[in-house]
Amino acid sequence: MFDKEKWQEIFSSLKNNKMRTTLTVFGVFWGIFMLIIMLGLGMGFKNMIQEGFGDFATNSLLIWPQQTTKAYKGFPRNRRYMFTNEDVQIIKEKFPEIEFIAPKLRAFGSEGANNATRGTKTGAFSVEGTFPEYNLIDPSKITSGRFVNNVDIKEYKKVAVIGKHVKDVLFDKDENPIGEYIKINGIYFKVVGVLTKGASNISLGSDKDRSIVIPLTTFQKVYNRGNEVGFCAVTAVKEANIALVQQKINTFLRSRHSIAPDDEQAVGGFNLAKEFKKIFKMITGIGILIWIVGTATLLAGVIGVSNIMLVVVKERTKEIGIQRALGATPFKIMNNIITEAIFLTASSGYMGIVLGVGVIELIKMIANSTGSDNPFFTHAGVNLNVALMALFILVIFGVFAGFIPAKRAISIKPIDALRDE
Amino acid sequence: MIELKGLHKSYITGNNKLHVLKGLDLTIEQGELVSIMGSSGSGKSTLLNVLGILDSYDKGHYKLNNTLMSNLTEKKAAHYRNNMIGFVFQSFNLISFKNAMENVALPLYYQGVSRKKRNKIALEYLDRMGLKNWADHMPNELSGGQKQRVAIARSMISKPKVILADEPTGALDSTTSLEVMDLFREINKEGITIIIVTHEKDISERTNRIIYLKDGIIESEFISPRKISETVGTYRN
Ligand SMILES: Nc1ncnc2c1ncn2[C@@H]1O[C@H](COP(=O)(O)OP(=O)(O)O)[C@@H](O)[C@H]1O
Ligand SMILES: [Mg+2]
């Protein structure tokens, strides 16, 4: 590798044309620099999105009852109906693809009136009845105590898990709420846990910090809702096709509630998996775009190198002729020229990578030190593999950049090369 | 050593064909010191290029050291040029970014000789040319005569069978020219065949055999007066 004769030749031609060398090197440098910056920010974007999803179960589905849009079996259209506990039970047993199903009912303090009190402290919060499974689908962070459990459900326990903000309103700063009682719509509930927003930025309905979660069965009893269920969150097992699961559930619910089989509007639904997929596709698309644009910029730089190498070969025609008269093989000549091209692309590319990574790190540092919580900046980054990959691509490009000029160099007969003035 | 039979060579430029060598027959033995003369455009350089495998020929045959030189791959040609032939040019053709020693050592580089070793050998050759103190000078710091002596050292370093020199004194003043000729005569005494193209009479007179080219064939051939005197033993330097 370290062959002084060869490098002497390379450096002499670079030194003799400092301006030209600089411009050429800049082309490649800029190409890879832009690629790295784009990849780095792209990574920030991806992290931002992924962080937003957090631990939300991605293979999930939300369904809720809506009005019917078709008359059927003697029922008029625009009929309102509700899901029931039995619906949930049967769905759970009937479809093995379903991992969890968590029904939910919700009530607000009517017209924003205060519905929760403790002593003289009072506030208006969203009250939700749900199953323990709900916290596996759309997880909240339990900061102390616990979530609703199966015993609560079975025994209609009057227990409540309160949001962080609820705690701040109803309790003093250094008070431990666990085991204390609060009054919700005039009924006493024992606080068993405090929750806050989980890792996910996705929020279904109300602000978790401002809500009170109680067992679904208790909710139904306290609010006189019989066996009614509002909406259900469903997760399917990993391998299952969630869209298919949704169809099956809808068909089942339509037949159970005497809804026309073609009344698609009657059961409301939101396929989270589909939305997630769309977003992931977009991220992948952006990633591909970055590589295409970046590589094209890089390619432009490399074509510059190739052009310059052609000029260098032309200038060096006579020298090459002398070398061949002295016994240099065509391989040797090509080797020199290709090495020079690789050296040019790789070294300028290396500078671009280093500076690109440096700039990304700087952005991160500034974002972190200014306390920014925008993951687009704080989670920007270039991973080592990508940088190495870029460098590898550069070397390959370098070979291509050198190949045509090298071929040109040896296509000239030695005697014609020698005659060149 | 060198054997040409019925050698033809034409240059084709566009639609024109210029027939330069028209059936040359020539034999040169190992250890000869030959000059090729002729008017400008008579094909002297063309002939020398064919001999040096820098250019191809059209018809006839050329044997170097009993090997037929035709249809060679460029790799083979490079190998023969490296091992059997040394070149000296009118315009020296030194590599500008290499110093004198590195220039001399270059043919050994292509043979894969280590840098240390080839530079040591190059120094010995430079010493013989009286240029030891100039070893690390760049070509543009040398006079014409010095450059040509560096070039001669370079042509010798791979111990070739034959040195081909195209007007080696063409760019030198007459004193320097004669010094260079003395060098060639000395090298020739070691048994290396030397062929010099020139159109100067006093240069050719310092070789042993003079070949005149005209219209693409050998018009005439002489044993040089100096050679005769030497042989007869009456010539005094
Ligand atoms: N590469 C070439 N292409 C076309 N014609 C050439 C080429 N080289 C030489 N000639 C022509 O061939 C003839 C012989 O040239 P050359 O061998 O250089 O003569 P000399 O060395 O005896 O002066 C000249 O007429 C010259 O113009
Ligand atoms: Mg000539």
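Which loop of chain B holds Asn71(B)? Asn71(B) sits in the loop between β5 (67-68) and α2 (74-84). Helices here are DSSP runs of H or I with at least four residues, strands are E runs of at least two, and both are numbered from the N terminus.

Quick ground rules. This is a predicted model, where local features need pLDDT of at least 70, side-chain atom pairs count only at pLDDT 80 or more, and totals for chains, interfaces and linings use all residues. Residues are numbered from 1 along each chain as its sequence is written, chains are lettered from A and ligands numbered from 1 in the order in which they are written, and side-chain values use heavy atoms, with hydrogens and water left out.

Back to Asn71(B). Its phi is near 50°, a positive value in a residue other than glycine. Asn71(B) is exposed, because its relative accessible area is 80%. The cut-offs: buried is under 20%, exposed is over 50%, partly exposed is in between, with a 1.4 Å probe and protein chains only.

Next, Lys159(B). Its loop runs between α5 (144-156) and β7 (162-166) of chain B. Phi of Lys159(B) is also positive, near 50°. With 61% relative accessible area, Lys159(B) is exposed.

Now a helix in chain B. Glu179(B) belongs to α6 (residues 174-189). Is Glu179(B) exposed or partly exposed? Partly exposed, because its relative accessibility is 45%.

Last, chain A. Thr297(A) is in helix α9 (residues 272-315). Its relative accessible area is 26%, so Thr297(A) counts as partly exposed. Thr297(A) and Ala236(A) are 61 residues apart in sequence. In space, C-alpha to C-alpha, Thr297(A) and Ala236(A) are 44 Å apart.
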